[in-house]
Amino acid sequence: MIIRVMGEIEIHCFERDGSVADISALTSLNDAGLDEVTDADIINWLGYALDNPAAPSLDEDENWRGQVEGAAKILAAPALEKAEADDFLLLLVLREKWPVGSKAKFKLKADRVGASHTYRLLSCPLQKGADIADEDSLSTAETASLRAMVPTLKKIRKQFANSSGLQQFLHQLN
């Protein structure tokens, strides 16, 4: 099982091992001092981790990579229940547009995890036959995932920030 998590800046791909991810592995999120960690907190933390140029490199920092992968596993859990060993799952973690007048509510959500934006999670349909060692098969699976989401993405495009990679992707389709 391969999971690819795509943020605004960073894209990370990894193989799901048999371990179950739990919130205790997310030390950066646990250090935020939250009484209760919600899915929204995990999404916002993961989005910020993938959107922050000052964040440690996933290739160089094993602890940071483990936290990012752990957050992705937690968020992917519903889709992974149906997944088979050769499946590919693409998770999109995109910056949310803050409506004028209600910015304070969004800022409070972002501040809970030290993020500068709030994020939305979109789980693409599972794809078959991707191989983590084969960049072409990963690219094919990613493209198929995104193509399957195009109608949904077009409907909800206004929910995402104008700087979002999603806006650029949908603009290229027109």
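Guide: The expected span of a helix is 1.5 Å times one less than its number of residues. Keep that rule at hand for this predicted model.

Visitor: What span should the 13 residues of α2 have?

Guide: At 1.5 Å a residue, α2 should span 18 Å. Its end C-alpha atoms are 18 Å apart, so the two values agree.

Visitor: How many of the 13 residues of α2 are buried?

Guide: Buried means under 20% relative accessible area. Ten of the 13 residues of α2 fall in that class, so the helix is largely enclosed by the rest of the structure. Among them are D41, N44 and D51, along with W45, L46 and L50.

Visitor: Let me step back to the whole chain. Which pattern does the chain follow along the sequence?

Guide: The order is β-β-α-α-α-β-α-β-β-α-α. That gives six helices and five strands. Of the 174 residues, 44% count as buried. Now consider contacts with a separation of 6 or more: residues 24 or more positions apart account for 66% of them.

Visitor: How do I read the nonpolar core?

Guide: Start with the general idea. In soluble globular proteins, nonpolar side chains tend to be buried together. Here the largest nonpolar core has 33 residues, and W45, L46 and V68 touch the most other members. At least two residues each come from β1 (2-6), α2 (39-51), α3 (62-80), β3 (87-95) and α4 (103-111). The largest share, nine residues, is supplied by α3.

Visitor: Which residues does V68 touch, not counting those up to four places away in sequence?

Guide: V68 touches W45, L46, A49, L50 and L58. Another core, of 18 residues, lies apart from the largest one. Its members include L92, L122, C124 and I156.

Visitor: D87 is found in strand β3. Is D87 buried or exposed?

Guide: Apply the cut-off of 20% again. D87 has 2% relative accessibility, so it counts as buried.

Visitor: What does the side chain of D87 reach?

Guide: Look for N or O atoms within 3.5 Å. The D87 side chain reaches the backbone nitrogen of E84 at 2.8 Å. A polar contact of 2.8 Å also joins the side chains of D87 and K128. Setting aside neighbours within four places in sequence, D87 is in contact with M1, I2, K82, L126, Q127 and K128.

Visitor: On to aromatic pairs. How many does the count come to?

Guide: Rings pair if their centres lie within 6.5 Å; planes under 30 degrees apart are stacked, over 60 edge-to-face, and the rest tilted. By this rule there are two aromatic pairs. In one, the rings of W98 and F106 have centres 6.2 Å apart and planes at 35 degrees, so that pair is tilted.

Visitor: What lies over the face of F106?

Guide: K109 does, at 5.5 Å from the ring centre. F106 has 10% relative accessibility, so it counts as buried.

Visitor: Finally, a loop residue. Where does A115 lie?

Guide: A115 sits in the loop between α4 and β4 (119-123). Its relative accessibility is 7%, so A115 counts as buried.

Visitor: Which residues is A115 in contact with, leaving aside neighbours within four places in sequence?

Guide: They are N44, Y48 and A110. Take N44 as the case to inspect. A115 and N44 are 71 residues apart in sequence, yet 6.7 Å apart in space, C-alpha to C-alpha. N44 is one of the buried residues of α2.

Conventions: Residues are numbered from 1 along each chain as its sequence is written. This is a predicted model: local features need pLDDT of at least 70, side-chain atom pairs count only at pLDDT 80 or more; totals for chains, interfaces and linings use all residues. Side-chain values use heavy atoms; hydrogens and water are left out. Rings of Phe, Tyr and Trp (its six-membered ring) pair if their centres lie within 6.5 Å; planes under 30 degrees apart count as stacked, over 60 as edge-to-face and the rest as tilted. Buried means under 20% relative accessible area, exposed over 50%, partly exposed in between (1.4 Å probe, protein chains only). A charge sits over a ring if NZ of Lys or CZ of Arg is within 6 Å of the ring centre and within 35 degrees of the ring normal. A nonpolar core is a set of buried Ala, Val, Leu, Ile, Met, Phe, Trp, Tyr and Cys residues joined through side-chain atoms within 4.5 Å. Helices (H or I, at least four residues) and strands (E, at least two) are DSSP runs, numbered from the N terminus. Contact means heavy atoms within 4.5 Å. A polar contact is a pair of N or O atoms within 3.5 Å; within protein, one must be able to donate a hydrogen and the other to accept it, and residues adjacent in sequence count only if both atoms are side-chain atoms.
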